[in-house]
Amino acid sequence: VGSEMCIRDRPKIGEKVIFTKEKKKHAMEYVSLVYPSVAALWIDNIARLMIRGDVVNLLEATIDYFYTRDWRTAIILCSISLEKVLAEFYEEIFKKPCPPRSIGDIKHEITEKVKNIPKEIKEAIEMTNSMRIAAVHRSHLPLGVKEATNALQGTVKFILWFQEYGALEQS
């Protein structure tokens, strides 16, 4: 029935849907499928109030590429989002424009100056950056939902921390 179908037309669980087997899934492939949907909800309901519009637009486009299974483009858009927010962080710390350097170099300069960045945040930046390197410089490597989800998780984790860090700095 296509686009004419609405929520009330869906069968109730148990009414017309029969479960033949139920088991927990632990494979990364299955776990990775949930994260983009959660990130999309965060972007729609919270992120647009917290972060710049251009970064929100990039993150929304990232989610769109998840749904079309274009993992390489999703990873690249995540890394651009991360780079923009990382550059903003750099500019707040150094009080000057961020130079045109790699994500790794910018992260290194920031961590040299700001000593209290948690290890998991540094790892989140590195995770997104390593996925970017795989997507851009190693184009012969196969990329999938796991790699794209890693890039998205790293980016979102850094953005959430950065927003909290900025709020702590201002109070």
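1. Basis. Residues are numbered from 1 along each chain as its sequence is written, and side-chain values use heavy atoms, with hydrogens and water left out. In this predicted model, local features need pLDDT of at least 70 and side-chain atom pairs count only at pLDDT 80 or more, while totals for chains, interfaces and linings use all residues.

2. Aromatic pairs. Rings of Phe, Tyr and Trp (its six-membered ring) pair if their centres lie within 6.5 Å; planes under 30 degrees apart are stacked, over 60 edge-to-face, and the rest tilted. The count comes to 7 aromatic pairs. The pair Phe89 and Phe158 is tilted, because the ring centres are 6.2 Å apart and the planes stand at 55 degrees. Phe89 belongs to helix 3 (residues 71-94) and Phe158 to helix 6 (residues 145-170), so the pair ties together parts 69 residues apart in sequence. Helices are DSSP runs (H or I, at least four residues), numbered from the N terminus.

3. Burial. Buried means under 20% relative accessible area (1.4 Å probe, protein chains only). Phe89 counts as buried at 2% relative accessibility, as does Phe158 at 1%.

4. Second pair. Phe89 also forms an edge-to-face pair with Phe162, at 5.3 Å centre to centre and 65 degrees between the planes. Phe162 lies in helix 6, 73 residues from Phe89 in helix 3, and Phe162 is buried too. Phe89, Phe158, Trp161 and Phe162 form one aromatic cluster.

5. Helix 5. Helix 5 (residues 119-136) has 18 residues and reaches 26 Å from its first C-alpha to its last, close to the 26 Å expected; the expected span is 1.5 Å times one less than the number of residues. Its buried residues include Ile121, Thr128, Asn129 and Arg132.

Methods:
Helices (H or I, at least four residues) and strands (E, at least two) are DSSP runs, numbered from the N terminus. Buried means under 20% relative accessible area, exposed over 50%, partly exposed in between (1.4 Å probe, protein chains only).
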